[in-house]
Every structure is written in structure tokens, then in C-alpha cells.
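Here is a short note for someone opening this structure now. Please read the points with the model in view.

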Amino acid sequence: MNKPIYFDNAATTRCDPRVVEAMLPYFTEKFGNPGSRNHSFGWVAEDAVETARRQVAALLGADRKEVIFTSGATESNNLAIKGAASMYAKAPAGSSGRGHIITAMHEHKAVLDPCKRLQKEGFEVTYLEPPADGVITAEQVAGALRDDTILVTIMWANNEIGTINDVPGIGALCHERGVIFHTDATQWAGKMPVDVNKDNIDLLSMSGHKIYGPKGVGALYVRRRRPRVRLTAIQEGGGQERGMRSGTLNVPGIVGLGAAAALCAEEMEAERERLGAMRRRLETTIIEQLDEVQVNGHPDKRLPHLTNISFGFVEGESLMMACKDIAMSSGSACTSASLEPSYVLKSLGVGDELAHSSLRLSLGRFNTEEEVDFAAGQIVESVRKLRDLSPLYDMHKEGIDITKIEWAAH
Ligand SMILES: Cc1ncc(COP(=O)(O)O)c(C=O)c1O
């Protein structure tokens, strides 16, 4: 077993060596620009891009013409949200009343920040407050829909707690009401099945580096029929990707994304089983040996490979320091630079104390059962050690309700 052990697969994954192998020729001998239509270097590159497009489309149950390559899920989200808002705006730029958008408070920043930008530009945005289990339902979205709603953007699976929103139901509702539906499927696609038609999705974002592919490449699915979704480009230039995303294509990256998508499709069923069993083993071992532990989010409606656990009377940061052999995350990687408690956990009503004491462990393709047992053992031991040093935990053990203590102010 090699240490440190990597349990932060929701932040990024190791690129699969089979993916790297598929990419390598496109840096050297097959280096053409797919936009070069008049020689074989260009044709070879174009062929490779179209193969990758088919591989990504197959993973999503889409037509290959519906796949637009981008630099990752952040760009896909920006293009989907800003591009749809601008295309379907009900009033010209610069005026108010341009239209209404629905999203949720525990979305990734790559959705929340484009929404905030649109608010400044005359759109109104409703941020749905998730219930304590973190799951957004079609009923909740229905309650927020208005006559001027133009876009609903709800992620498929949450990156911090792994909870699964009712995407097919929300999509069906949006289609009934003639509203465009976007889902950020960065943590879902490649791990769980997608059928954009059955799941009623108009726009879907995904990313290479979350599915054992390279960083800096992603895709946006854009529905072409029933309804045909149109987007205003946010980046202009050579008109690549049907004018929706100009810029010379990142051929090696795209080849890698395609290969990664194909491997995920092939191995998905077995991986879901294997990782689900490993996550349950991890949680059970921890819960059986420690008191004051809480798994955050819905008990069943969540990703098989991800768990978010709060350890009462222990600081998440101290616990991570104590478990140096395990790479994991307190909150999401994007916000862990700040010591603010996670906004995702707070939106679920988890108090500051418990939010500060939370760890996210996300398993992946290269993890083994041996690693799970090692991690569970090290976490249990470290929590016990830290609690031995905690006067608050002692008081709690003595039956004192520490929330009722009036601390002297100095
Ligand atoms: C749910 C979600 N959306 C978007 C992103 C951003 O993806 P990328 O790194 O490909 O821009 C991430 C990655 O952290 C994510 O987890």
C-alpha cells in the first residue's frame, strides 16, 4: 500500500494510464489542427475529435452533434447559464425584467457565480434552500417557477455531500412548462448512468479530470431536438464547435476525455458496486467505533463513492493534520483555502460547530479495500486522541449540555 492514500476523488482523479496512452500520439506525430481542412494532418486530428465526440455522446445517450468541447465544467456551466440567459432574455441588455432563473443555494460556485453575474445584468434569480437531507425535488422547483422563468439550473449530484437531486423529475417539469433545464453533472456523469432523453435534460456540464481523464477539458451537451436549444456564445473567434465555443480544439485533451468516457461507460456498473461496498465499509467501521458522528445528507439518495462525515468535538482541520497519510477534504477543494465553514453544509442547516468538524472522503477507481481499512483505522484513532485533549468532550461525557454554558467574556 502506497502512502499517502488518495481519498479526494471528488476534487480530481488520477488520469488513467490507458487514457494517457491514447492521448500521447496527439502531442507529437498526430499534432494537426482539426480546423485544417486541406491536408491529412488536419483530417487525422479531426477524426480523433469526432471519435471522442461519439464516445462522450454515447456516455450521455446523446447525438454526437450535441456535444460541445470546452475547457472544463466551469466553462460548460458559464456557457450554458450565461448563453441560455442571453439567448432567451425577455428584455434587452441593460434593462431590468430580463427573466427569471432558478438554482439552489448548495450548487458549486461555477453555477452560483454566473447566476450572481446575471443578477447584476437584469435577471432575477431564486436560490432554493435545500432541505436538511440536501435533495432538491421537482415539487420544490415547481413552487418557484414563474411565468417569466427562462432557465432552471440544478446540479445532479452535490460535490461536497454527494446527494442526488431529482434531475429526471425536474427536467420533466421544465419541459412541461417550456423552461430550459441545465444540470451540472460534473460529479455524476461517468460514474452513474445518463440518458439525456429519458432524463429530460437540455444542457449538461461535465469535466475530464473528474472521470480519470485530463484536466482542462470538458464538455457541454446542448439539446438539438425537442426543444432545439440555442446559446449565445460567450467567447468569439474562429467559430469552432458550431460557433458556440471558438478556439482551436485541445486535441490531446479531447482524445483523453473521449477515452475516459468510454472506459467509464464500460466499467460503470462494476465500479458502482465495488465503490459502494467500500464506502459502506468505511462508514460502518467509523460509526461503530465512535460516538457523536453524523453522516451528512440523504442516507440513500447519494453517490455510492462519496461520504461527508461530521465528528463532534473535533476540528476538521486538526483531524486532517492528524491523518497525514490520508488525502481528503474538509469542505470542497475550492473553498478549503478559507476557514469559513462550508456553505453547502450551512445551507442544509448543519451548525457552524459540526460544519467545522466535517470531512469529505471520495473513493475512486484506484482505491482498494486495504486502503479503506487503513483510513478508517487512522481516522478512529485520531478522533479518539483529539477528543482526549478536548475539555468540551469531557464535559459532554459528564452530561453537561455545552450549548447552555454561559462563557465569561474577557
Ligand atoms: C459540481 C462541480 N461543478 C463544477 C466544477 C468545476 O469543474 P472544472 O474543474 O472542470 O472547471 C466542479 C469541480 O470542482 C464540481 O465539482
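1. A salt bridge here is a side-chain nitrogen of Lys or Arg within 4 Å of a carboxyl oxygen of Asp or Glu. The model is predicted. By that definition it holds 25 salt bridges.

2. Start with glutamate 75 and arginine 245. They form a salt bridge, and their closest N and O atoms are 2.7 Å apart. This pair links distant parts of the chain. Glutamate 75 sits in helix 3 (residues 73–88), while arginine 245 is in the loop between strand 8 and helix 7, 170 residues apart. Are the two residues buried or exposed? Both glutamate 75 and arginine 245 are buried.

3. Next, look at helix 7. Glutamate 283 and arginine 279 form a salt bridge there, with 3.3 Å between the closest N and O atoms. What separates them along the helix? The two residues are four apart in helix 7, so about one helical turn lies between them. Glutamate 283 has a relative accessible area of 8%, so it counts as buried. Arginine 279 is buried too, because its relative accessible area is 8%.

4. Aspartate 352 and lysine 346 give another salt bridge, at 3.4 Å from N to O. Here the side chains are in another setting. Aspartate 352 is partly exposed because its relative accessibility is 41%. Lysine 346 has a relative accessible area of 40%, so it is partly exposed.

5. Salt bridges can also be traced as a network. Which residues does it link? They are Asp16, Arg18, Glu267 and Arg365.

6. Now turn to charge on the surface. Lys65, Arg228, Arg230 and Arg242 gather in a positive patch. Arginine 228 belongs to the loop between strand 8 (218–222) and helix 7 (251–289). Its relative accessible area is 51%; the cut-off for exposed is over 50%, so arginine 228 is exposed.

7. The peptide bond joining arginine 226 and proline 227 is cis, with omega about -10 degrees. Arginine 226 also has a positive phi, near 45 degrees, although it is not a glycine. Why point these out? Most residues other than glycine have a negative phi, and most peptide bonds are trans. Arginine 226 is exposed, because its relative accessibility is 70%.

8. Two other backbone spots deserve a look. The peptide bond from lysine 3 to proline 4 is cis, with omega near 0 degrees. Proline 4 lies in the segment before strand 1 (5–6). Asparagine 200 has a positive phi, near 60 degrees. It lies in the loop between strand 6 (180–184) and strand 7 (203–207). Is asparagine 200 buried or exposed? It is buried, because its relative accessible area is 18%.

9. Val20, Leu24 and Phe27 make it, and it covers about 280 Å². Leucine 24 is in the loop between helix 1 (17–23) and helix 2 (40–60). Phenylalanine 27 is in the loop between helix 1 and helix 2. At 53% relative accessibility, phenylalanine 27 is exposed. Its C-alpha atom is 48 Å from that of isoleucine 287, which is 260 residues away along the chain.

10. Strand 3 (residues 100–104) shows the covered side of the model. Five of its five residues are buried, so the rest of the structure largely encloses it. His100, Ile102 and Ala104 point one way, and Ile101 and Thr103 the other. In a regular strand the side chains alternate between the two faces of the sheet. Five bridges join strand 3 to strand 4 (residues 124–128), and the two run parallel. Glutamate 124 in strand 4 is the bridge partner of histidine 100.

11. Finally, strand 12 (residues 358–362) is mostly covered, with five of its five residues buried. Ser358, Arg360 and Ser362 point one way from strand 12, and Leu359 and Leu361 the other way. Strand 10 (residues 306–311) is joined to strand 12 by five bridges, and these strands run antiparallel. Asparagine 308 stands opposite arginine 360 in strand 12.

Notes: Residues numbered from 1 in each chain as written. Predicted model: local features only at pLDDT ≥ 70, side-chain atom pairs only at ≥ 80, totals over all residues. Heavy atoms only, no water. Patch = residues over 30% accessible without salt bridge, like charges linked within 9 Å, V, L, I, M, F, W, Y side chains within 5 Å. Areas by Shrake-Rupley, 256 points an atom, 1.4 Å probe, with all protein chains shown as cover. Lys, Arg positive; Asp, Glu negative; His and termini not counted. Charge placed at Lys NZ, Arg CZ, Asp CG, Glu CD. Buried < 20%, exposed > 50% of the residue type's maximum accessible area, 1.4 Å probe, protein only. Pairing = 2+ DSSP bridges.
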